[in-house]
Amino acid sequence: MIHHRLRPFATPLLAAACFALAGSAYASTTHSAFDDIENSVATDGFNNLTAARITATQLAAGIASNSETEGGAILRRTSGGAYPASSGLYQFAGNGSTFEMVVSDAVDGLTSIVFQTYINVSTGSNGIYGVLAANNLPRLSFNGGEQFLLSSSQASENLGYTDFFTGEFVASDPNNPNHLTFTWNLASLGVTVPVDSFRITFATDNHAQSQAFQLDQLVAAPVPEPQTAALLLGGMAVITLVARRRTRQH
């Protein structure tokens with residue numbers, strides 16, 4: 001019964017304190033396969049890489065994210081013939097394509113970068129590796145340099161998908177690790193200077209079907225400021241005081 005008496009004043013106070021401690025949450029809307037990234041403060045999603053939205057000329061010049069746009073990332077094809085097809089980027093002939101994801105103004109206090117890709121490949125007899133081939137792996141450079149750092153961790157997932165051209169659903173296949181996640185933990189890579197800008201370079205093979213990319217910038221989990229902690233403690237003190245008075249009345 002105490003909570004009914006507290007509702008006019010103590011509950012909002014405690015709720016405000018809890019909200020201040022909780023921080024912001026970012027849910028991925030880029031692709032259903034992509035993970036929500038904890039401690040992300042800026043997300044850029046590219047999930048409409050189709051001919052209905054962009055041209056090959058625009059891709060070569062650089063396109064902005066279209067799903068989540070907090071980080072100001074630009075995706076650019078730097079070489080090769082990958083072009084926007086009906087469901088994403090595709091290349092029929094040539095020697096593959098290279099790309100870069102550029103962020104000119106990184107978030108303050110950047111500690112990690114997470115890059116997710118959704119590219120349908122065939123690592124079996126067809127030998128289509130997407131970004132998994134050694135020469136295609138994403139590499140990080142920062143502050144105008146050419147460090148080309150490989151990610152500190154990498155994860156892959158095999159998911160069913162709808163084929164670009166046949167429109168038929170293709171079941172999960174070990175030869176098709178289509179959802180990849182690359183993480184650069186700056187401290188573990190020995191980066192000791194503030195990162196103000198960065199770019200991720202990567203490449204794809206012919207016949208790889210690139211459907212979506214997502215880039216997340218992370219900072220360390222915030223420590224509650226003194227005034228926030230005081231607000232929380234004050235709310236708890238009010239609840240305790242009212243509870244004691246209520247007990248004495250009974």
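Strands, like helices, are DSSP runs numbered from the N terminus; a strand is a run of E of at least two residues, and a helix a run of H or I of at least four. By that rule F142 is found in strand β8, residues 139-142. The model is predicted, so local features need pLDDT of at least 70 and side-chain atom pairs count only at pLDDT 80 or more, while totals for chains, interfaces and linings use all residues. Residues are numbered from 1 along each chain as its sequence is written, and side-chain values use heavy atoms, with hydrogens and water left out.

Leaving aside neighbours within four places in sequence, F142 is in contact with Q147, L149, V191, V193, V195, S197 and F198, where contact means heavy atoms within 4.5 Å. F198 lies 56 residues from F142 along the chain, yet their C-alpha atoms are separated by 4.0 Å.

The strand that holds F142 belongs to a sheet. Two strands pair if DSSP finds at least two bridges between them. Six strands form an open sheet with antiparallel pairing, in the order β2-β3-β6-β14-β8-β9. Its edge strands are β2 (63-64) and β9 (149-150), each of which pairs on one side only. Two bridges join β8 and β9 in the antiparallel sense, and R139 stands opposite L150 in β9.

Another set of pairings involves strand β13, residues 179-185. Five of its seven residues are buried, so β13 is largely enclosed by the rest of the structure. Strand β7 runs antiparallel to β13 and is joined to it by seven bridges; here Y118 has H179 as its bridge partner. Strand β10 (residues 153-157) also pairs with β13 in the antiparallel sense, over five bridges, and Q154 stands opposite F182.

T117 has its place in strand β7. With a relative accessible area of 0%, T117 is buried. Not counting residues up to four places away in sequence, T117 touches F34, V131, N178, H179, L180, F182, A212 and F213.

The next topic is the aromatic rings. Rings of Phe, Tyr and Trp (its six-membered ring) pair if their centres lie within 6.5 Å; planes under 30 degrees apart count as stacked, over 60 as edge-to-face and the rest as tilted. The count by this rule is five aromatic pairs. One of them is the tilted pair of F115 and F202, at 5.3 Å centre to centre and 50° between the planes. F115 lies in strand β7 (residues 110-120) and F202 in strand β14 (residues 198-204), so this pair ties together parts that are 87 residues apart in sequence. F115 counts as buried at 0% relative accessibility, and F202 does so at 4%.

F115 also pairs with F213. Their ring centres are 6.0 Å apart and the planes stand at 15°, so the pair is stacked. Because F115 lies in strand β7 and F213 in strand β15 (residues 209-219), the pair ties together parts that are 98 residues apart in sequence. F213 counts as buried, at 1% relative accessibility. Ring pairs link F99, F115, F202 and F213 into a cluster.

Note on methods
Buried means under 20% relative accessible area, exposed over 50%, partly exposed in between (1.4 Å probe, protein chains only).
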